[in-house]
Every structure is written in C-alpha cells, then in structure tokens.
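Biologist: Could you walk me through the charged pairs here? I'm new to this one.

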Amino acid sequence: MYSKHFKLQRSEAYTSMLLLLGSMFAALLGMTTAQMEVGDPCQKQNYKGICTEASKCTDLPYSMAQLGLKRRDISRCGFTTFEEIICCPTLSIPTTTIKTRADDRPAVRACNEIDELLQPLLTPHILGGTPVELGEYPHMVAIGLTDTDGAVEYNCGGTLISKSYVLTAAHCLVTRQIPVTVRMGVVNFTDTEQMKAVVEIKIKKVHLHPDYTSANVYNDVGLLELEEEVTYTNNVFPTCLYTDSKDPPANSVLYVTGWGVINRSTRVKSDVLLKARQTIVDNLKCNESYVDNGLTRRNRDGIIASQMCAHDPGLTKDACQGDSGGPLNLVVDEALNKYRVVGVISAGFSCGSATPGLYTRVSAFLDWIESIVWP
C-alpha cells in the first residue's frame, strides 16, 4: 500500500511539473511567435496544411513522400500541454480563390472549350516509334533554337495549350541555343506539300518556372509566349491539361511523341513525327530503379510528387534526345483526337533502357501555368 501510494504521489507531482513546464514553454513560444490552434490552416513555403497534433497526423509519411518533403520541411504550429502541433500536409492543396467545383479552374474551362471544337480525324488510323498521320496530334510543336550563327535547329518539342502559349520543359530554354520560333501543322519536315502549309511563329517571351535550376531535374517546366495568336485548323489545334494529381488508371493508353533521336549510335533525329506507347511506372518503383543504377546526382531527393515515370515494358520504344519538352499524351478518344497532356518529357538514362523515363507531372504545376496562360 505504501509503495503504491508513493508512486501515485510521484506520478501526480510529475504531471504537475509537466503542466507547469508546458505552460512556461507555451508562454515563451507566445513571446516569439503567435500560437496557432488545432484546425487552423497553415502554410509553409513548399506546402499547405492543417494544424494537427503530431500523433493524429497519421498520413504524414505518405504525404511527405507524395509532396517530396523532408522532416525539416514540416513546420510547427505550436504545442498542447503534452504534444507538439504540426502543420500536417494536405495533398489537395487549397488555393487562394474559393472554388466550389473542380471544373471551375481555368485549365478545365479551357479544356471544355477545346473539346467542344474537336473534329474527327479524317486520315486513317521516338525511338522505335510509329509514324504519326497528319492531323493526328495537332497540338504537337517543334521548337526552333539558334546559335550565334543564326541557323535554326529543332531540338525540342512542346505542346500547344492555347492560341498564344506552348508548354515545354525548362531545360530546353536555358541552353546555349536560344529559342526563337515554333513550328506546327506538319508531321514530316521533308514532305514538300506539307511544308507549304507549315505554321511558324516567333517566340515573344520565355517563362521559366521560378524554382527551376539546371543543377537538378525538379520543376522542369516552361512556357513559350508567341508573338501572334495561332489560327486553329485540323492540323493546328491545342490539347487539354491533365488535372488529376494521381497517375492515370493502369489500363490507360499513353503515347509519347517527338522528332527526336531514332538511332542511339548515330544520334540521327527523325524528320517524321513519331509516337511510342508507354506505361506508367509508379514513383516508388521508379525511384528504386534510379537509386539502384546510381542515377541520383541530379535528383538527390529522389523521384518526387511533381514528377512521374513511364517506359515501354519491351524497352524498345522511348523518348530520346531531341524529344525533350514534348508531351506524354493520355488518349481519351482517338477518333476525335481527344487527348490530355499528362507529363512533359524531362530526363532519362540512355534511351530505351530498363530505367524509366522521367517526366514533369503537369497537374503539379496547374496553378503556375494558369497564372500565366489564363490569368
């Protein structure tokens, strides 16, 4: 009895001491920063969340993996008597504008307008790729870059997403070559009849994502603002942005398109637009592949949520040099040329290797894209 009573007294004293220390610490915290309460919205530089007791933020490891966060990135809201309150990340990142439905965002409204104007493809229906029919991918853009000698080389691809803007990769826009023009409306650069109707428009302005740096492969997304608006035709027409933060369903039909290298040994590029079927590789498996092959120099934080991976399971069809910036196309309705651009070709290890190709996830950059294209 004595022993039990003594332990109870000691436990009560310990609890009182913790309460006192907690109050003192909370008071000290209040002197330096405003205490936030459980349930308050919170914002860190690279994510948004809700103030939650640490023990109740049960999805924290998953959220950190999806958002590419480290422990040091998780901010503190304050303390309860016994527990830290943290800014628990939310994967559905709130925006500054109140939106009641998903179709309220500018990218979706623009997509609805595009879908209403789609016309059936009149013609029958990349490395190891299949030649594309004229008008099959009317949103496909070749980006012309030039050196000081003035000669234009089409070394990158892009996607027409509106009358004045082309989506591409940031790394295409920071090379020694300067992006000067875009080419649309043709699939075969050596076809004289096609080239009579080619659409070439000069580039007015280059928009790089503010967090992009050539030291790594993150935030590899850019926009080209054109000097004049595009006139839509059957062969020149924009496509929609994929707005779902998750990967497309496993049974989705996806194609990568481009005029890039078709022979790894000679580095010869294609004069004809090619397409190659691809399969999504989830980020965890993709990251394992990059780590196992020691390919982490330019992606030191691994494959993060704003990136995605895809490959050809047969390892014969892949994006390659010269395809950078082009789209990973989700086929919604092939007969109507209805697509969604899911990813932007960013990086990879060799071409057609066992390591999946790396893409910038379009849905992760919708806010930035919309702020420029549909402000």
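What follows is a short chat about salt bridges.

Modeller: Keep in mind that this is a predicted model, where local features need pLDDT of at least 70, side-chain atom pairs count only at pLDDT 80 or more, and totals for chains, interfaces and linings use all residues. Residues are numbered from 1 along each chain as its sequence is written, and side-chain values use heavy atoms, leaving out hydrogens and water.

Biologist: How many salt bridges does the count come to?

Modeller: Side chains of opposite charge can pair when their charged atoms come close. The rule asks for a side-chain nitrogen of Lys or Arg within 4 Å of a carboxyl oxygen of Asp or Glu. By that rule, the count is 11.

Biologist: Which residues are linked with R105 in a network of salt bridges?

Modeller: Start with E370, whose closest N and O atoms with R105 are 2.8 Å apart. Both E370 and R105 are buried, and buried means under 20% relative accessible area, exposed over 50%, partly exposed in between (1.4 Å probe, protein chains only). The network linked with R105 holds D367 and E370.

Biologist: Is K196 buried or exposed?

Modeller: K196 pairs with E193, with the closest N and O atoms 3.0 Å apart. E193 is exposed at 51% relative accessibility. K196 has 65% relative accessibility, so K196 counts as exposed.
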